[in-house]
Structures are given as structure tokens and as C-alpha cells.
Amino acid sequence: MTSKPNRKEQILATLAHMLETSPGQRITTKSLAAELGVSEAALYRHFPSKARMFEGLIEFTEEAVLSRINQVMEVEKDTLVRCEMMLRVVLTFIERNPGITRVLTGDALMGEHERLRSRVQNLFTKIESNIKQALRERRLRENVQARLDEAVLANLLMAYADGKIAQFVRSEFKLKPTLEFDEQWQTIAHQLL
């Protein structure tokens with residue numbers, strides 16, 4: 001006996017797919033309902049607003065990315081490997097979820113509620129804080145001083161990730177964020193850390 005797919009998950013997956021296949025276009029509840037083959041009222045039985053649908057995608061991202069980063073922080077003790085893995089987690093998630101990437105860059109949030117942009121900002125702040133924590137622990141645990149202040153360096157690493165994410169969106173998801181990451185990371189680690 002097969003179980004019925006979760007309608008909320010189906011709505012979010014369809015929204016993410018539409019964001020991926022319609023770059024630059026605004027997704028309306030009417031077009032989302034048509035894509036799902038349901039009425040707009042059916043959407044609103046599961047989500048009180050389109051903003052809540054976007055929040056669902058952001059929550060999925062928070063859970064997927066932050067839980068994996070927490071695992072990296074618990075298991076890995078080498079600072080360089082920690083930072084590399086955290087950036088890789090972010091870039092790999094982005095690559096695998098192009099539609100959600102439009103939400104994370106704010107592209108799909110134009111005209112939407114400010115709390116959504118704040119929530120995305122908070123997600124990226126948490127990622128940066130984890131990188132900063134890893135760098136500070138290096139100084140304390142390994143007695144190694146980075147060439148730059150840990151906060152400045154963590155911000156620089158996030159700016160690198162932001163750039164890769166922006167390139168991915170601008171290329172309409174053709175220029176993969178993990179492309180040349182290994183080579184670029186070697187240079188970053190050697191020059192900065």
C-alpha cells in the first residue's frame with residue numbers, strides 16, 4: 001500500500017520547481033494552483049498565504065543546511081576542514097535546489113513580506129557565525145592566529161559563497177556553485193588561513 005504524498009510538501013516542491021524553471025518571473029498563487037491542478041482555495045487550506053509558502057522553503061533550507069553544519073562542527077576538529085565543509089554544504093545545497101536559491105537571493109521575494117528577507121538574512125548570519133566560531137576555536141585550541149581577524153575572515157568567506165550563489169542565479173542555474181571549488185578553496189586556505 002502506497003502512502004498519499006504530503007500535500008504541503010507537494011506544494012513546496014512545485015513552488016521550488018516553478019522558481020527554478022521560470023527565472024525572473026513572479027510566481028502567483030493562481031499559477032501555482034494551476035501547476036498543481038488544484039484551486040487557489042486548496043492551496044490556502046495548507047498555507048494561509050504565499051508568504052507562508054516561502055517561509056516553508058526557508059525552513060526547509062534552515063533545517064537542511066544548519067543541521068549539516070552542526071554535524072560538521074561536532075565531528076570535524078580541524079579548522080580548515082571545518083570551514084571548507086561548511087562552505088561546501090552551503091554551495092552543494094544551493095546547487096541541488098536552484099528554485100530555493102531564488103528565495104535565498106531575494107530574487108523571488110520582491111514585493112513579499114519583509115520578514116521573509118529578514119529570515120533569509122538570519123540564516124546567512126548563522127552560517128557566518130559558525131565559520132567565525134570555527135576560526136576562533138582554532139586560535140584557542142591550536143594557538144594559531146589567522147592573518148585576518150576571525151570576524152573579517154568569516155565575512156570574506158561568506159562573500160565568496162554569496163558570489164558563487166549570485167553567479168548561479170545570473171547564469172540561470174548553469175554555472176554550478178561548486179565548479180572549481182576545490183582549486184579555489186586551496187588558494188583561499190593557503191592565502192588567508
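Biologist: At what angle do helix 7 and helix 8 pack, and how far apart are their axes?

Modeller: Two packed helices are described by the angle between their axes and the distance between the axes. Here helix 7 (residues 114–142) and helix 8 (residues 150–170) pack at about 140 degrees, with axes 9 Å apart. Helices are DSSP runs (H or I, at least four residues) numbered from the N terminus. Axes are lines fitted to C-alpha atoms over the stretch in contact, and angles run from 0 to 180 degrees between N-to-C directions. That makes helix 7 oblique to helix 8; angles under 35 degrees count as roughly parallel, over 145 as roughly antiparallel, 65 to 115 as roughly perpendicular and the rest as oblique.

Biologist: What should I keep in mind about the model and its numbering?

Modeller: This is a predicted model, where local features need pLDDT of at least 70, side-chain atom pairs count only at pLDDT 80 or more, and totals for chains, interfaces and linings use all residues. Residues are numbered from 1 along each chain as its sequence is written, and side-chain values use heavy atoms, leaving out hydrogens and water.

Biologist: Which residues of helix 7 meet helix 8?

Modeller: Contact means heavy atoms within 4.5 Å. On the helix 7 side, F124, I127, E128, I131, K132, L135, R136 and R139 take part, and their partners in helix 8 include L153, L157, M158 and I165. By class, this contact of helix 7 with helix 8 has 10 nonpolar, 1 polar and 6 charged residues. For the classes, Ala, Val, Leu, Ile, Met, Phe, Trp, Tyr, Cys and Pro count as nonpolar, Asp, Glu, Lys and Arg as charged, and the others, Gly among them, as polar.

Biologist: How does helix 5 pack against helix 7?

Modeller: Helix 5 (residues 79–96) packs on helix 7 at about 170 degrees, with axes 9 Å apart. The two are therefore roughly antiparallel to each other.
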